[in-house]
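Trainee: Please take a close look at the charged side-chain pairs for me. Then show me what surrounds them.

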Amino acid sequence: MISHEPKIVFKYFDQITKIPRPSKKEGKIIAYLEEFAKEHNLEYRKDKVGNIVMKKPATKGMEDRKSIIMQSHMDMVCEKNSDVDFNFETDAIRTKIEDGWLKAEGTTLGADNGIGVAAQLAVLASDDIEHGPIEALFTVDEETGLTGAMNVESGFFDSEILLNLDSEDEGEMFIGCAGGMGTMAEYYYQPAYADPALTYIKITVNGLRGGHSGGDIHLGRGNAVKILARALYGLADEADFVLAGIQGGNLHNAIPREAHAVIGVEAGDREPVAAWINTFSSDIQNEYKVADPEVLVTATTTEKPEFCIDDDTSARLINALIACPHGVLGMSHTIEGLVETSNNLASVKMIETEEGYPVIYVETSQRSSVESAKRMAGDMVTAVFDLSGAYVSERDGYPGWEPDPDSEIMEIAKSTYNRLFGKDPKIMAIHAGLECGLFKEKYPHLDMLSFGPTMRDVHSPEERLEIKTVEMWWKHLLEILKEAPKKA
C-alpha cells in the first residue's frame with residue numbers, strides 16, 4: 001500500500017496497479033470500474049467499445065454550477081526489461097519508491113494514465129469535496145489508436161467543461177494539441193537483374209538523434225531519409241548510377257535516425273563517388289553541428305544485389321523525396337513558440353504486396369492544431385507524390401484541439417493555481433495528440449483543459465511518478481471543482 005498524501009488517490013492507484021489493463025484488453029479494469037459505480041451508488045453508462053461515464057450530483061449549494069467532466073484513459077503501455085519475468089495480462093505491477101519517485105520493478109508503472117483514473121475515483125468516492133454536478137469519463141485504447149475517444153458518441157455525457165487528467169508536468173496546463181493524419185506513397189516497378197560488371201556501394205546515414213515527430217520536430221534535428229535523398233540527388237550530377245535498394249526510418253511518429261541505399265556504378269567511378277560522399281558528409285556535419293552533431297554519411301563497397309530498380313522509378317522517387325516537405329510548416333499565432341503545423345517524412349521501405357509485387361513504400365505524417373492547415377499539409381505531400389507518378393493514399397486522421405485564449409476554465413485554473421502556490425502556471429499547447437481533439441469534434445461547445453502531476457520516461461520501464469507533485473495536482477483539481485463557474 002502506498003501511504004503518501006493524498007492517501008485516497010494513492011489508495012485507488014494502488015488498486016489499479018493490481019489490475020491488468022493492456023491496450024485493447026481492458027476487460028478487467030472495465031469490470032472494476034463498473035463494480036465501483038455500483039458500490040458507490042453512482043449512475044453510469046458503458047458504450048459499445050467499453051468507455052464508461054459515471055455521474056455524481058452537486059454537493060449542497062453548488063447545484064447552480066456548470067457540470068464538469070473529468071477524463072482519463074484506462075489502458076497502459078506494457079513494456080518491460082528483457083530480464084524481467086512479467087505477464088501484463090495476469091500480473092500486478094510491482095511498485096517501489098526511490099528518491100521521491102514512484103516506480104515499477106522493471107516494467108512500465110502505468111501512471112500514464114492510471115493516476116488520472118485514481119484521482120477521478122477519489123473525487124467520486126469522497127463526501128467532503130465541494131463541487132457542482134460532475135461526471136467522470138474513462139476511455140479505452142488511448143495508447144494504440146485513440147479508439148475509445150474516437151467512438152465516444154454525441155450525448156454520451158452532458159458536461160460543458162472537460163478536465164483531461166493525462167498531462168505529465170505539474171504546473172503546466174494545456175489548452176490545445178495537434179491533430180494528425182498520414183499520407184503514403186507507393187511506387188510499383190519491374191525489377192531488373194543487377195549488372196555484375198558494376199561496382200556496388202552502400203551509402204549510409206546514421207548517428208542522428210531522431211525523436212518524436214510531434215514533441216521534437218521543432219528542434220531541427222536531421223532526417224536520415226531526407227539526407228539520403230539529398231546525397232542521391234547530388235550524386236546524380238557526379239556519376240551515372242543505378243539504384244538497387246533504399247531503406248530508412250520505421251515508425252510514422254518518429255523522425256528517422258538511420259537510412260541507407262545501395263547503388264551500382266562503373267568501376268572507375270568508385271573513388272570519385274567515395275570522395276564526393278566524404279565532402280557531402282562534411283557539409284551535413286557542418287549544417288547539423290548543433291542540432292545533430294554525431295551525423296555521419298559514409299560510402300562502402302558492398303556485395304552485388306540480385307535486382308535493381310529501373311531508372312525511371314529511381315529518378316521519380318529521388319525527386320519526390322527531395323521535394324517532400326519535412327519539419328515545421330507553420331508556427332501558432334495564438335500560443336508563442338508552439339508549432340502549429342508540420343510534416344514528418346517518416347520512412348521509405350522496399351516491400352512486397354501480398355501478390356508478390358515489389359513496391360517502394362513511403363510514409364509521411366502530418367500534424368496541426370488547425371484542421372484546415374493539417375489538410376493543407378496533407379495536400380502538399382499528396383501533390384508531390386502525385387506529380388512523381390506514385391499511388392497515394394491517406395490514413396484516417398484525428399482532429400486537433402485549437403487553443404482558445406478566452407477559455408473560462410483556463411482562467412479559473414490560472415487564478416486557483418496562483419492562489420494555492422503563489423505563482424502562475426504555464427499555459428501551453430502541444431504539437432502532439434490528446435483525446436481532447438476527438439471530444440471537441442463531437443462536442444464543439446466543450447471548454448477543455450489538460451493537466452497532471454509530473455511523470456518521466458513514460459512508455460518505458462523507467463517510467464516514474466514524482467510523489468510530491470501528485471498532492472499539488474490533487475489540491476489544484478479540488479480547487480477547480482470548487483470554483484466551477486455558474487450556469488448562464
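Mentor: A salt bridge here means a side-chain nitrogen of Lys or Arg within 4 Å of a carboxyl oxygen of Asp or Glu. This is a predicted model, where local features need pLDDT of at least 70, side-chain atom pairs count only at pLDDT 80 or more, and totals for chains, interfaces and linings use all residues. Residues are numbered from 1 along each chain as its sequence is written, and side-chain values use heavy atoms, with hydrogens and water left out.

Side chains of opposite charge can pair when their charged atoms come close. The structure holds 29 salt bridges. One of them joins Lys7 and Glu5, at 2.8 Å from N to O. Lys7 is partly exposed, because its relative accessible area is 47%. Glu5 is partly exposed too, at 39%.

Lys7 leads us to helix H1, which covers residues 7–17. Helices (H or I, at least four residues) and strands (E, at least two) are DSSP runs, numbered from the N terminus. In H1, the buried residues are Val9, Phe10, Tyr12, Phe13, Asp14, Ile16 and Thr17. Contact means heavy atoms within 4.5 Å. The buried residues of H1 pack against several elements, including helix H2 (27–39), helix H3 (111–125) and helix H11 (467–482). Strands E4 (95–98) and E5 (101–104) are also among those partners. One salt-bridge network links Lys96, Glu98, Lys103 and Glu462.

Next, take Asp64 and Arg65. Their side chains form a salt bridge of 3.6 Å, N to O. Asp64 is partly exposed, at 33%. Arg65 has 16% relative accessibility, so Arg65 counts as buried.

Lys66 pairs with Glu408, at 3.0 Å from N to O. This pair links distant parts of the chain, 342 residues apart. Lys66 sits in the loop between strand E2 (52–56) and strand E3 (68–73), while Glu408 belongs to helix H9 (residues 408–421). Lys66 counts as buried, because its relative accessibility is 15%. Glu408, at 34%, is partly exposed.

Val49 lies between strand E1 (43–46) and E2. Val49 is partly exposed, at 30% relative accessibility. Outside four places in sequence, Val49 is in contact with Val140, Gly148 and Asn151. Val152 is 103 residues from Val49 in sequence, yet 8.6 Å away in space, C-alpha to C-alpha.

Now for some strands. In E15 (residues 259–265), six of the seven residues are buried. Two strands pair if DSSP finds at least two bridges between them. E15 pairs in the antiparallel sense with strand E11 (residues 199–206), over seven bridges. E15 pairs in the antiparallel sense with strand E13 (residues 242–248) as well, over six bridges. Val262 of E15 is the bridge partner of Lys202 and of Gly245.

End with Ser365, in strand E20 (residues 358–368). Ser365 has 6% relative accessibility, so Ser365 counts as buried. Beyond four places in sequence, Ser365 touches Met181, Gly182, His252, Ser342, Asn343, Asn344 and Arg395.

Definitions and conventions
Buried < 20%, exposed > 50% of the residue type's maximum accessible area, 1.4 Å probe, protein only.
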